[in-house]
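Hi everyone, thanks for coming.

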Amino acid sequence: CAGEKHVTVDAGVAVAENLIEGSDEETDALLVREARASPDAFARIYFRYRDRIYGYLRARTVTDEDAADLAQQVFSRVFDSLHQFRPRRGTLPSWIFGIARNATIDFHRRHRSHVELGDMPEIPSTGSVEEEVLPTEEFDILRAAIMTLPAEKQEILALRYTAQLSLLEIGRVIGKRPDAVRMSIVRTLQQ
């Protein structure tokens with residue numbers, strides 16, 4: 001496609017993927033500085049956040065292909081606008097997930113569809129927390145309960161439990177204070 005960008009990754013950068021874990025702001029700041037100085041270093045940001053971004057996008061779309069296409073768009077936008085990231089305005093994950101959220105909203109506007117978390121097919125797991133903690137029957141009950149929630153509450157739960165964002169990061173993504181996010185999660189879980 002015209003205007004499409006591809007990030008190539010050499011073996012050295014792929015090895016770096018395994019050295020980066022967690023959501024440490026100092027590590028993120030270093031990665032951003034490196035990526036701004038050398039576009040090849042962007043691969044480290046990609047590897048750090050790709051699984052969480054894909055999981056969030058997969059929770060908000062029906063097919064694996066839609067989630068993969070959106071993930072490509074998200075990382076292309078992140079790459080193109082990395083110079084606009086300001087650590088004082090929020091963390092790198094909240095900035096990237098804000099881009100992912102906007103891409104998802106644009107996707108649903110273009111396709112004039114709305115996907116509920118409960119409508120998505122089972123995602124093959126490599127040992128997710130849900131499958132380890134909840135027996136299959138309880139997981140199915142939880143999935144059915146999530147289907148009944150309004151889209152906003154589903155999104156907050158997806159950002160918290162699928163994307164693993166902090167309350168502060170979720171607040172920055174959706175434009176709410178962390179205490180409002182916390183109360184929304186608590187009230188949703190109590191329903």
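Let me start with a question: is aspartate 179 buried, partly exposed or exposed? Keep in mind that what you see is a predicted model. Aspartate 179 comes out at 39% relative accessibility, and that counts as partly exposed, because the class runs between 20% and 50%. Its salt-bridge partner is arginine 177, with 3.2 Å between the closest N and O atoms. Arginine 177 itself is exposed, at 55% relative accessibility.

Some salt bridges share partners, too: Arg77, Asp106 and Arg109 are joined that way into one network.

Okay, so how many salt bridges turn up in the whole structure? The search finds nine. One of them pairs arginine 44 with glutamate 34, N to O at 2.8 Å. Arginine 44 sits in helix 3, residues 42-59, and glutamate 34 sits in helix 2, so this pair ties together parts that are ten residues apart in sequence. Both ends are partly exposed: arginine 44 has a relative accessible area of 21%, and glutamate 34 has 25%.

Then there's arginine 50, which meets aspartate 51 in a salt bridge at 3.7 Å, N to O. Here arginine 50 is partly exposed at 24%, while aspartate 51 is exposed at 57%.

Last stop, back on helix 2, which covers residues 25-37 and holds arginine 36. Arginine 36 is partly exposed, with 39% relative accessibility. On the surface, Arg36 gathers with Arg86, Arg88 and Arg89 in a patch of positive charge.

Notes. Residues numbered from 1 in each chain as written. Predicted model: local features only at pLDDT ≥ 70, side-chain atom pairs only at ≥ 80, totals over all residues. Heavy atoms only, no water. Patch = residues over 30% accessible without salt bridge, like charges linked within 9 Å, V, L, I, M, F, W, Y side chains within 5 Å. Areas by Shrake-Rupley, 256 points an atom, 1.4 Å probe, with all protein chains shown as cover. Salt bridge = Lys/Arg side-chain N within 4 Å of Asp/Glu carboxyl O. Lys, Arg positive; Asp, Glu negative; His and termini not counted. Charge placed at Lys NZ, Arg CZ, Asp CG, Glu CD. Helix = DSSP H or I, 4+ residues; strand = E, 2+ residues; numbered from the N terminus. Buried < 20%, exposed > 50% of the residue type's maximum accessible area, 1.4 Å probe, protein only.
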